[in-house]
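Trainee: Could we walk through this model together?
Mentor: Gladly, let's take it question by question.

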Amino acid sequence: MSPVIDLEAERQEILRQYRRLLRTAKPYLHGNDAKLIKKAFNQSLEAHKDMRRKSGEPYILHPLAVAQIAVEEIGLGTTSIVAALLHDVVEDTPTEISDVERDFGPKVARIVDGLTKISGVFEQGTSEQAENFRKMLLTLSDDVRVSLIKLADRLHNMRTLDSMPRHKQLKIASETIYLYAPLAHRLGLYAIKTELEDLHLKYTDTEIYNELKGKVKQSQSARNRFIKEFVQPIDEELKAQGFSYEIKGRPKSIYSILKKMRKQNVTFEEVYDLFAIRIILDVPHEQEKAACWQVYSIVTDFYQPNPDRLRDWVSTPKANGYESLHTTVMSHAGQWVEVQIRTRRMDEIAEKGYAAHWKYKDSGTPQPESTLEAWVNRVREMLETNNSSALEFMDEFRQNLFVKEVYTFTPKGKLVILPDKATALDFAFDIHSHIGLHCLGAKVNQKLEPFSYRLRNGDQVEILTSHKQRPTADWLNMVITSKAKTRIKDFLRDDKRAKADDGKFIYEKRLELIGVENTSENFQRLLAYFNVPTAQEFYYRLAVGQLDGREIREPLFRPVTQAVPASQPRKFDDEIQKIRGVHPNMLVVGERTDKFNHSLARCCNPIPGDDVFGFETETGLIIHRTSCHRAVDLMSNYGNRIVRAKWTDQLELAFLAGVRLKGSDRVGLVNDVTRIISTALKVNMRSIIIDADDGFFEGKILVFVNDTDHLNKLIQRLSKVNGVLQVERFDS
Ligand code: MN
């Protein structure tokens with residue numbers, strides 16, 4: 001029996017959310033806007049009226065929430081609110097895109113159409129999913145609002161992921177960290193990016209997430225005390241100088257704390273910058289830069305700055321539009337503290353990203369959005385010129401999302417922003433493909449350099465060209481921008497095609513000379529003989545002399561008497577046998593009851609009790625931990641090959657797991673450790689390595705355990721051994 005639904009209460013809730021949306025949007029509404037939003041709401045309500053979300057709530061609450069995020073957290077206007085309200089009607093209801101166009105005009109229809117094409121995307125196979133992502137980017141270069149609403153949609157889905165089945169949670173969370181968080185970052189939506197990352201962690205590594213969240217909360221009051229004390233002298237001085245401002249202590253996100261812990265291999269307690277101090281100034285636009293540096297001067301009057309940690313994104317904003325002045329100073333308690341200085345406008349841009357730019361554009365103040373626009377243009381260019389497969393493209397695009405930038409200049413002082421690690425050759429292609437294709441070398445800061453020279457911040461670059469210069473295949477190893485790569489590949493392909501034409505001519509002449517008929521059978525025989533995969537390749541080699549035309553002789557064309565035995569088809573059964581079907585009863589996999597041939601992934605070494613998923617391969621199912629470093633990649637790229645897996649209740653079986661110990665060395669320590677392992681807990685050890693140095697030791701022990709409980713018990717016991725400071729599990 002289905003539970004009783006209080007329809008009246010639901011109706012009230014829907015209205016409440018709708019009114020909230022109107023209230024939030026109100027300051028930005030003009031003329032007919034409110035009417036338009038009401039119309040969109042009513043149509044969406046009607047279209048979705050019989051639908052419910054997985055959580056059981058009325059479907060309309062989802063588009064309402066997406067619209068709310070669009071206006072409140074991204075700062076979008078009426079067109080986007082209307083599009084957000086309608087974003088699922090074409091996909092999920094009988095409404096057609098032409099209906100939307102008739103009722104709301106072409107602008108809204110185009111956005112809804114863009115959103116429709118890209119939803120449901122990740123249900124299918126790998127390349128299809130990449131292809132769909134490419135479509136989304138096409139609309140991004142057409143109208144950035146499509147991507148922004150898509151991000152709002154994703155954010156709401158992530159916030160309500162609880163009601164999804166486990167395997168979908170993993171898939172959606174992985175896609176989020178793979179694509180959407182980087183995209184949010186690239187579009188400058190810092191707050192949304194951070195939340196997406198934290199939610200990803202919450203669903204893929206729940207235990208760690210909860211643990212860190214607890215620790216952040218626990219340390220909060222001590223942190224507040226520290227911040228209050230730290231800020232006090234700055235606060236007084238800012239007041240004395242008549243600034244209008246706000247000071248915030250911003251805690252770092254859980255995800256970024258964990259990232260830091262892993263990268264620097266430190267514990268939570270050892271992460272020193274759990275928060276940053278942010279000073280937000282209310283000053284007119286023309287005084288912004290001076291005011292920021294004035295405040296910098298005040299801060300560093302009280303606290304000594306670390307000269308290596310000054311970041312000036314006020315003079316030169318980041319490519320995603322981010323502006324701020326960062327410094328790290330030494331507090332009186334002997335702790336480094338990051339201080340971020342920015343104006344209200346910069347803060348708004350940093351939190352809400354791109355869309356906020358437009359708001360300021362309306363008010364007539366000049367704004368630095370050129371860098372972001374330049375990026376959108378670059379994406380457009382990539383899409384237009386890229387001939388690689390959708391998958392390759394996505395890889396390249398993702399690389400482009402993350403990278404840091406290097407700031408360089410032309411001889412006339414024009415700023416050229418390139419991805420970090422870009423070379424002089426990338427620079428040449430960025431200026432113009434013609435210059436890139438004929439690049440000989442470069443003068444960097446007046447000094448002659450090869451074009452493989454890796455650019456550094458502040459380099460002034462003059463490209464030297466020659467009309468005789470031609471790209472070769474090894475150029476591909478000297479560039480990192482997709483524009484340069486694409487242009488070089490295009491050139492090589494065209495070049496190869498042209499040469500192949502020459503080769504074909506040579507071939508035909510040769511056949512005439514040796515009196516052999518030009519049939520396809522003869523040609524195939526020749527390809528096989530020289531072991532060349534394609535006709536084009538054959539002609540090409542002939543043209544450039546890699547293959548000597550004189551080797552094409554008449555006897556080669558005589559019928560072969562002895563047939564080459566066809567290669568044996570691979571015996572999959574044998575292959576399957578080779579994969580360890582560790583313990584056939586160990587896993588319940590998906591909903592299937594048939595015994596699945598599975599093995600445990602080497603990269604993350606799962607043991608019973610770990611949160612796991614299965615990955616289908618030709619030879620069987622590989623079980624990975626959901627926290628495996630490869631999980632995100634697998635789940636987001638090969639979502640359709642992910643199978644739900646969980647452990648069944650265990651027989652007493654042993655799994656190999658690694659434990660790492662650190663501490664101060666003392667006589668008898670190894671003895672104590674091994675005694676606990678083998679005697680007290682009756683755990684079998686496979687190997688133990690202990691390195692001691694300067695009174696410290698680090699040990700790695702491989703043990704056989706039954707499950708995570710067993711392992712945790714062991715870790716607990718070991719951490720109580722006198723002298724042991726840290727015990728943790730490690731993989732592979
Ligand atoms: Mn949706």
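Trainee: Is F41 buried or exposed?
Mentor: A residue counts as buried under 20% relative accessible area, exposed over 50% and partly exposed in between, using a 1.4 Å probe and the protein chains only. The relative accessible area of F41 is 4%, so F41 is buried.

Trainee: Before we go on, where do these values come from, and how are residues numbered?
Mentor: The model is predicted, so local features need pLDDT of at least 70 and side-chain atom pairs count only at pLDDT 80 or more, while totals for chains, interfaces and linings use all residues. Side-chain values use heavy atoms, leaving out hydrogens and water, and along each chain the residues are numbered from 1 as its sequence is written.

Trainee: How many aromatic pairs are there, and what kind do Y18 and F41 form?
Mentor: Rings of Phe, Tyr and Trp (its six-membered ring) pair if their centres lie within 6.5 Å; planes under 30 degrees apart are stacked, over 60 edge-to-face, and the rest tilted. The search of the whole structure gives 15 aromatic pairs. For Y18 and F41, the centres are 4.1 Å apart with 10 degrees between the planes, and the pair is stacked.

Trainee: Which helices does that pair tie together?
Mentor: Helices here are DSSP runs of H or I with at least four residues, strands are E runs of at least two, and both are numbered from the N terminus. Y18 and F41 are 23 residues apart in sequence, and the pair ties together parts in helix α1 (residues 7-25) and helix α2 (residues 33-47).

Trainee: What type of pair do W313 and Y322 make?
Mentor: W313 counts as buried at 18% relative accessibility, and Y322 is buried at 13%. Their ring centres are 5.7 Å apart and their planes stand at 75 degrees, so the pair is edge-to-face.

Trainee: Which ring has the charged end of K39 over it?
Mentor: A charge sits over a ring if NZ of Lys or CZ of Arg is within 6 Å of the ring centre and within 35 degrees of the ring normal. For K39 the distance to the centre is 5.1 Å, and the ring belongs to F104.

Trainee: How many residues of helix α15 are buried?
Mentor: Helix α15 covers residues 344-352 and is mostly covered. Its buried residues include M346, I349 and A350.
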